[in-house]
Amino acid sequence: MHQESTVARSFFLLTGIVLIFQSCNLSNEKNRSNTTNEAKDEQVKADSKKVTADTAYIEGQALYAEHCMICHQTDGSGVSGLNPPLIATEYVVGDKDRLLGIVLNGSNVGLEVNGSTYSNAMPSFRALSDMEIAHISSYIRNSFGNTATPVTEEEVMTYRDKNEK
Amino acid sequence: MKTSLLKKVNFLILLALVLVVACGEEVKNDTPAGPKLAIAADNAGIEVPEGFGVIKVADSLGKPRHIAVTPTGGIYVKLRETVDGKGILYLTDNDGDGVVDTQKGFGDYGGTGINLDDNYLYASSDETIFRYPLDANGEATNTESPDTLVTKLINRRSHASKSFTLDGMGNIYVNIGAYSNACQEEDRTKGSPAMNPCPILDSAGGIWQFRIDKLKQSYPEGERYATGLRNVVGLDWNKSNNKLFVTQHGRDMLHTLFPEMFDTEESAELPAETLYMIEKGDDAGWPYIYYDQIQEKKILAPEYGGDGKKTGGEDAIDPVTAFPGHMAPNALLFYTGDMFPEKYKNGAFIAFHGSWNRAPEEQEGYMVAFVPFKEGTPSGDWEIFADNFAGAEVIRSPDAAKHRPTGLAQGPDGSLYVSDDSGGTLFRIVYNGTH
């Protein structure tokens, strides 16, 4: 499952730490609970950077399983003609704003990915928190053979400020 | 001169050899009529019951959906997407071994539906049904300018394929799938409320009936023959009781949308994929209910106040057969041939495309099922007839499946043809045991 390169993992690791600190300092309306944050805080203090990054990755993985896997599949391969793959596509590893646009607003345009079109509607995930969106986006950008810079909670917040009224 | 003589001698030797081989074949084959069918030694990887064999008729055809076979054995294939600008293939076997030798293409549109009657070939895009007059050999004519039989049918991408069948009495029955999973305001979105009544049902989510003797028909000329059907891909007219039968793809995502009511295992098994016998005016209940094959009940959809137990749809029809969830019954064929053993006569073959909506559980159903029938009613449980199209024990995602059964057709000799839109393969299943 963890196919990301060392470089990507390091990025992920650093971002993971930033994310954790942000989640403690910023009041996030959808944070799961204070207890979770405190637990994470403790973990940061107590343990190495590696553990923190793994936690962020595992969070992303769990969120992917809950919200995305049913359509995009366990290996990100999608479903021919219906749900696009998340593997080797610029929609996932390319421009972050475009990816966030799809994750937050959904997509029902018959998206063409790598020469094939996909007919199913993708729901909007705007109900999830900035942190959750960042975790999911970072997870798919660094799984299934993908390697790309992670998406931070701040980037999600900025995107929402610009695009959601 | 010398060379020419040599050639003649060579030719004679060759001819003699051919004759010897041919005689040998005939003795071995023990079938006085026709040459030997090229039955694959391993049945091309497909598991079939004792006495059956599989011929790999063609491969690498793109994405073949439904198929139709002429009385002379010519094969029409509808492609999901055009290949080199052609959306219909006509395949012929010239030497009688069952393997395709020549191929030609026409029709500049992708789609799923294709069917034949004595006079015409019918084929559908996702909005229109075209027809092509047949010549005496069963070959389509006017391939560049077909008649438009039915047009302007709704296409909103989701469940857009216009599968159809004919009743032999001048009518054509067309599926117009619902462009939605469960008629929520926002499709497939957790927490989005359902629309009540569901407005999609006015122009989709059912079977529409049209005539085959009128051109350029659309909704005003057609009749909604049945409603409450989410998406039907398999349809066939049962000649033993003169009724329409259809296979419906049940709704998706019970766990994803209602995790507090359904765990991932329940969501993988439920709801049933269903085989319905349709009378004019029937309502199968979508989106308000779904069929639960374990409780054997029509259950109120959670979007409409259900909890996985409350029943509903008192006026909705029950399926004649229910299958496990999400296996995607993509083709239905009532077998009227004489080749297969008696138990198969007038029974239903169903091509299951195989699931995707079972993740994270294992995917299932890359196979052809059989339901025995007597006088238009199932006379026993369904069973797997042809299996292992996926080519692996465990399939986690549909892209890993080698083949995905999509279309069915009966050959003039009673063979069963199966198309696969994953590997682009066409299989022909024959019975070579003794009755």
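Asn114(A) lies in the loop between strand 1 (112–113) and strand 2 (116–117) of chain A. In this predicted model, Asn114(A) has a positive phi of about 45°, although the residue is not a glycine.

Elsewhere in chain A, two helices pack against each other. Helix 6 (residues 96–105) and helix 8 (residues 153–163) of chain A meet at an angle of about 70°, and their axes are 11 Å apart. Because angles of 65 to 115 degrees count as roughly perpendicular, helix 6 of chain A and helix 8 of chain A are described as roughly perpendicular to each other. On the side of helix 6 of chain A, the contact is made by Lys96(A), Asp97(A), Leu100(A), Gly101(A), Leu104(A) and Asn105(A). Helix 8 of chain A contributes Glu155(A), Val156(A), Tyr159(A), Arg160(A) and Lys162(A). By class, the residues of this contact between helix 6 and helix 8 of chain A comprise four nonpolar, two polar and five charged.

Chain A also meets chain B. In this interface, 24 residues of chain A are in contact with 20 residues of chain B. The area buried between chain A and chain B is about 1,900 Å², and carbon and sulfur atoms give 50% of it. Of the area that chain A buries against chain B, 27% is supplied by Ile70(A), Gln73(A) and Pro123(A), more than by any other three residues.

Within chain B, the sheets may be taken in turn. Strands of a sheet pair through backbone hydrogen bonds, either parallel or antiparallel. One open sheet of chain B has four strands in the order 2-3-4-5, with antiparallel pairing. Its edge strands are strand 2 (64–69) and strand 5 (102–106) of chain B, each of which pairs on one side only. Neighbouring strands of this sheet are turned by 25° against each other on average, direction ignored. Strand 2 of chain B is joined to strand 3 (residues 75–83) of chain B by four bridges, and the two run antiparallel. Ala68(B) stands opposite Tyr76(B) in strand 3 of chain B.

Another open sheet of chain B consists of four strands in the order 6-7-8-9, and the pairing is antiparallel. Here strand 6 (114–116) and strand 9 (147–150) of chain B are the edge strands, each pairing on one side only. The twist from one strand to the next averages 25°. Three bridges connect strand 8 (residues 129–133) of chain B with strand 9 of chain B in the antiparallel sense. Phe130(B) stands opposite Thr148(B) in strand 9 of chain B.

Chain B also contains cis peptide bonds. One joins Asn196(B) and Pro197(B), with omega about 0°; Pro197(B) is placed in the loop between strand 11 (171–176) and strand 12 (206–211) of chain B. The peptide bond from Ala359(B) to Pro360(B) is likewise cis, with omega near 5°. Pro360(B) is found in the loop between strand 22 and strand 23 (367–371) of chain B.

Confidence in chain B remains to be considered. The mean pLDDT of chain B is 93, and 91% of its residues reach 70 or more. Within chain B, confidence is highest in strand 22 (residues 348–352), at a mean of 99, and lowest in helix 1 (residues 2–29), at 43. Over residues 1–6 of chain B the pLDDT is below 50, and this stretch has zero contacts in the model beyond near neighbours in sequence. Residues 12–32 of chain B also stay under 50, and for them the model has five contacts beyond four places in sequence. Where pLDDT is low, the predicted coordinates should not be read in detail.

Notes
Residues numbered from 1 in each chain as written. Chains lettered and ligands numbered in written order. Predicted model: local features only at pLDDT ≥ 70, side-chain atom pairs only at ≥ 80, totals over all residues. Heavy atoms only, no water. pLDDT = per-residue confidence, 0-100. Contact = heavy atoms within 4.5 Å. Pairing = 2+ DSSP bridges. Axes fitted to C-alpha atoms, helices over the stretch in contact; angles between N-to-C directions. Parallel < 35°, antiparallel > 145°, perpendicular 65-115°, else oblique. Nonpolar A, V, L, I, M, F, W, Y, C, P; charged D, E, K, R; others polar. Buried area = accessible area lost by both parts, 1.4 Å probe.
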